[in-house]
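I opened my notebook to record what I looked up in this structure, beginning with the ligand and ending with the backbone.

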Amino acid sequence: MLPAIEWRNGTVVMVDQRRLPTVEEYFHAHSYEDVATAIETMVIRGAPAIGVAAAMGVALGVSSLDEKLSGDQLRAEYEKIHSRLQRTRPTAVNLFWALARMRTVFEKYLGNPDLRRRLVEEALSIEREDIDMCRRIGQYGRELIQKGACILTHCNAGGLATAGYGTALGVIRAAFEADSSVTVFADETRPFLQGARLTAWELMKDHIPVTLITDNMAGFMMNRGAINYVIVGADRIAANGDTANKIGTYSVAVLARENGIPFYVAAPVSTFDLSLVSGEQIPIEERSPDEVTNIQGVRIAPQNVVVRNPAFDVTPARFVTAFITDRGILKAPYTETLRLMRDAGSGD
Ligand code: MRU
C-alpha cells in the first residue's frame with residue numbers, strides 16, 4: 001500500500017486523492033501554503049492523515065524561514081503558519097492535536113539552533129506513531145470479528161486516510177489476515193465518493209473482497225442478512241462518546257441498530273476530544289455546493305438550486321456498540337470509559 005503522505009527531503013509528497021482511482025498522481029508541497037491548500041481541497045483527507053499533513057506543514061514552513069530572524073520575528077512567522085493550517089478544516093480534531101504537539105516543540109526549542117530539525121523529527125514521529133496506532137487498532141479489533149463475516153464500512157478510513165494501514169480498514173485488514181473468508185461492503189459515500197473511489201480501490205489493491213453499494217442500499221443489505229458488522233472511522237469523538245464522522249454515518253448507525261448489527265467506531269486517541277461534553281459542540285464543516293450539484297465535474301442538478309453540504313454528521317453514543325482504539329476496546333458508559341482511557345494515557 002503506497003503511503004498517502006511522505007516527507008521527502010524538505011518536500012511533502014501526497015498522493016492526490018481527488019484523482020484516484022483513475023489517475024495515480026502525486027502532489028508536491030514546497031511550502032506550508034501548499035500543504036494548507038492540499039488539506040482544503042482534499043488532495044489529502046481523513047482525520048489522522050490531515051494531522052500528519054499539518055505537522056509536516058509546520059515543519060516545512062519553519063524550515064524555510066530565514067535563519068537570521070530574531071526570536072520575536074520567528075514567533076510571529078510561526079503564528080502565521082499555525083493559524084493558516086488551523087483554518088483548513090474544522091471537524092477532524094487530529095489537525096488541532098497535531099498542531100498542539102508541534103507548538104510544544106516550537107516553544108521548547110525557540111532560540112535553539114536545533115529548532116528546525118526538532119520540528120521535522122516531531123512531524124515524522126506523529127507519522128510513525130499513527131501507523132503504530134492503526135496496527136494496534138487492527139489487532140484489538142480483529143478479536144471482535146467472527147469467521148466468514150461481512151463488514152460494511154462508510155467513507156474511507158484506510159491507509160489513505162492515515163499515515164498507513166487505516167483505522168476501520170485497519171481492523172478489516174487484520175481480520176482478513178486472520179481469516180481470508182472475511183468480505184466487505186463499501187458505501188459509495190456521496191457526495192465526495194470516498195467509498196467508491198478510495199475504499200474500493202484500497203481493498204482491491206490488497207485483494208480483500210469488496211462489494212460496492214450506493215449509500216441508500218445499506219438498509220436493504222442489512223435487512224436481507226448480508227451484513228454482520230459495521231465499522232467506521234471518526235473525525236472527532238466527544239467525552240460522552242458522540243461521534244462525528246463522514247456524512248451518512250448516523251443513518252448507517254440507526255439502520256444497524258434497527259437490524260441488530262454491531263456498530264463499531266475505530267479511532268486512535270488523537271481523535272478523541274474530551275474537552276467537549278457532547279457531540280453538539282463538534283464544529284461541522286459545510287463544503288461547497290458544487291460537490292452536491294456536480295459529479296466529477298458534470299452538473300447533475302438545476303442551476304441555482306438551493307443546496308446544503310454538511311461534510312459530517314454526529315452519531316449519538318447510544319448507537320455505538322464499542323470504540324476500537326489503540327488502547328483497547330471501550331464500551332459504554334463512555335463518559336466513564338473514555339475518562340479512564342485518558343487518565344491511563346496521561347503519562348504519554
Ligand atoms: O472528508 P474526509 O474524507 O476527510 O472525511 C473522512 C472521514 O470521515 C473518515 O471516516 C475519518 O476521517 C476517519 S479516517 C481514519
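**Contacts with the ligand**

I count a polar contact as a pair of N or O atoms within 3.5 Å. I noted that the model is predicted, that local features need pLDDT of at least 70 and side-chain atom pairs pLDDT 80 or more, while totals for chains, interfaces and linings use all residues. Residues are numbered from 1 along each chain as its sequence is written, and side-chain values use heavy atoms, with hydrogens and water left out.

I then found a polar side-chain atom of Lys246 at 2.7 Å from an oxygen atom of the ligand, and a backbone N or O atom of Ala47 at 2.8 Å from an oxygen atom of the ligand. The protein covers 100% of the 410 Å² of accessible area that the ligand has on its own (Shrake-Rupley method, 1.4 Å probe).

**The shell**

Which residues are closest to the ligand? I listed Arg45, Ala47, Arg89, Asn245 and Lys246, out of 18 residues that surround the ligand (a heavy atom within 4 Å). By class, I read 8 nonpolar, 6 polar and 4 charged residues in this shell, with Asp, Glu, Lys and Arg counted as charged and Gly among the polar ones. Helix H2 (47-63) and strand S9 (243-246) each supply at least two residues of the shell, helices being DSSP runs (H or I) of at least four residues and strands (E) of at least two. Domain 1 (5-134) and domain 2 (144-346) each give at least three residues to the shell, the bounds coming from an automatic or database domain assignment.

**Backbone**

I reminded myself that most residues other than glycine have a negative phi, and most peptide bonds are trans. The peptide bond from Leu20 to Pro21 is cis, with omega near 5 degrees, and Pro21 lies in the loop between strand S2 (11-15) and strand S3 (26-29). Thr189, which is not a glycine, has a positive phi of about 70 degrees.

Notes. Polar contact = N/O pair within 3.5 Å; in protein donor to acceptor, adjacent residues only side chain to side chain.
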